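Here's a walk through a protein model, taken piece by piece. Keep the 3D view open while you read.

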Amino acid sequence: MSTAKLLGVGVIGAHAWAEKAHLPGYRFCNRVRRVAICDTVRERAVALAERFGFERVYTDHAEMLADADIDMVDVCTPTDTHFALTGDVLRADKHALTEKPLALTAANAFSLADTADAAGLRTKVGFTFRYSPALRQIKSWIDDGTLGEIFHVHGFQQNAQFLDVNFPLRQYGLGEVGTELIPASIVGYGSHLVDLMRWLGGDFAAVSASMRNFVPERMVRGKQGLQRVPIDDGTVAAIEFASGAQGVLQTSFIAIGNYPGVELRVYGSKGAAIGRLIVENGVAETLHAATAGQVEFRPVALPSQAFAAGTSVNTAWPELYYRNLVRHWADEILDNGAGDGTFRDGAKSQEIVDAIVQSHRERRWVSLPPGEGA
Ligand SMILES: NC(=O)c1ccc[n+]([C@@H]2O[C@H](COP(=O)([O-])OP(=O)(O)OC[C@H]3O[C@@H](n4cnc5c(N)ncnc54)[C@H](O)[C@@H]3O)[C@@H](O)[C@H]2O)c1
């Protein structure tokens, strides 16, 4: 540790995901000071502050942002609030960690990245699966040349979350329900998956996609009875990477299998690796690798340093990945380390998701970044 300073943390939003992932991350990180939790519902802030050892609570985020003990703010509120709250965090001169997506449009996401960069503030998006020890190992094998030239990157995020029509849907622009497909799995899951594929395979040059609704009626949070909601519960896309590599992607809300249902396969000229983030028999993830000389995939054991202290493949996945995310984040800020999963990465992921939707709607390849090529 290069400095004894602790990172003062304030969290906005004290409900489901904060409780499962973010707050255990701070509770077990010895480089942070747990200063405050803010929720408009006071009882939630009080209950979680007590449980996770935060010093004080607020119900107004503007008041919390004036707290001089806070160096960074974590925005873990509903999606449509991320942009405004994160803008306030940056204007208060605090480092920012925001849940995905950063904003409802890629343009607004880029504007947050620009504001933060201009102010010299550090940023991170809640890209949970970047902090998988298995996927970080694959990333380092790509970077150090172990896998050779990368030919194919295959990415999946699919599980059975919405196969049950009674599992309530939320936050997918339901004000606009008509006959046009509403992007849902490609936004909710795709924002993670596209980021992972770009992290591993580099920038995307073009995408060609197909989206489909398989389950037409389902329960919607806050409404009575089954509603007709034409979300994309399955999307597939072909990808041309700028490097020349090829990619294949699928997001699905209705593919039978366990959470979180993320799988990345990378095939290079020297080796191949498969990271499977699917909870099976209490094990959160596995890594398998093969080489050109030994083509049978074999399991790879991950070193304990790849995990946040006190976690293992048997830790519940939200906590396993978020405790690792928080330790990387604290190290990045306190040791001035390289950015990882920054707001700019978040904005680029949104731009790619938009291109996938456009490709489906216009039944054609769409080039990236927008405005380049056909
Ligand atoms: N990264 C991941 O893998 C992952 C997984 C699950 C959820 N999420 C994201 O995390 C975010 C939070 O999810 P959740 O399920 O906990 O949501 P939630 O709706 O259950 O809870 C959000 C909380 O924020 C509070 N809140 C809303 N506006 C506020 C404001 N202006 N000031 C203070 N508090 C405010 C609400 O009162 C509520 O307690 C969402 O954006 C969701 O998409 C990410």
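Predicted model: local features only at pLDDT ≥ 70, side-chain atom pairs only at ≥ 80, totals over all residues.

Residues are numbered from 1 along each chain as its sequence is written.

The domain assignment, which comes from an automatic or database source, gives domain 1 (7-121) and domain 2 (132-313 + 342-367). Their centres, taken over C-alpha atoms, are 26 Å apart. Across the boundary, twelve residues of domain 1 are in contact with 14 residues of domain 2; contact means C-beta atoms, placed from the backbone, within 7 Å. The domain 1 side of that boundary has ten nonpolar residues, one polar and one charged. Here Ala, Val, Leu, Ile, Met, Phe, Trp, Tyr, Cys and Pro count as nonpolar, Asp, Glu, Lys and Arg as charged, and the others, Gly among them, as polar.

Now pick out helix H4 (residues 82-91); helices are DSSP runs of H or I with at least four residues, strands are E runs of at least two, and both are numbered from the N terminus. Its buried residues are His82, Phe83, Thr86, Val89 and Leu90. Buried means 20 or more other C-beta atoms within 10 Å of a residue's own, exposed means 12 or fewer, and partly exposed lies in between, with C-beta atoms placed from the backbone. Looking down the axis of H4, these buried residues fall within an arc of 125°, so they line one face of the helix; the arc is that of the directions from the helix axis to the C-beta atoms. Their cover includes helix H3 (61-65), strand S4 (72-75), strand S5 (95-98) and helix H5 (106-119).

Just after H4 comes Asp93, with a positive phi of about 65°. Asp93 counts as exposed because it has 11 C-beta neighbours inside 10 Å. Arg363, in the loop between helix H10 (343-362) and S17, also has a positive phi, near 50°. Most residues other than glycine have a negative phi, and most peptide bonds are trans. Pro101 is in the loop between S5 and H5.

Note on methods
Contact = placed C-beta atoms within 7 Å.
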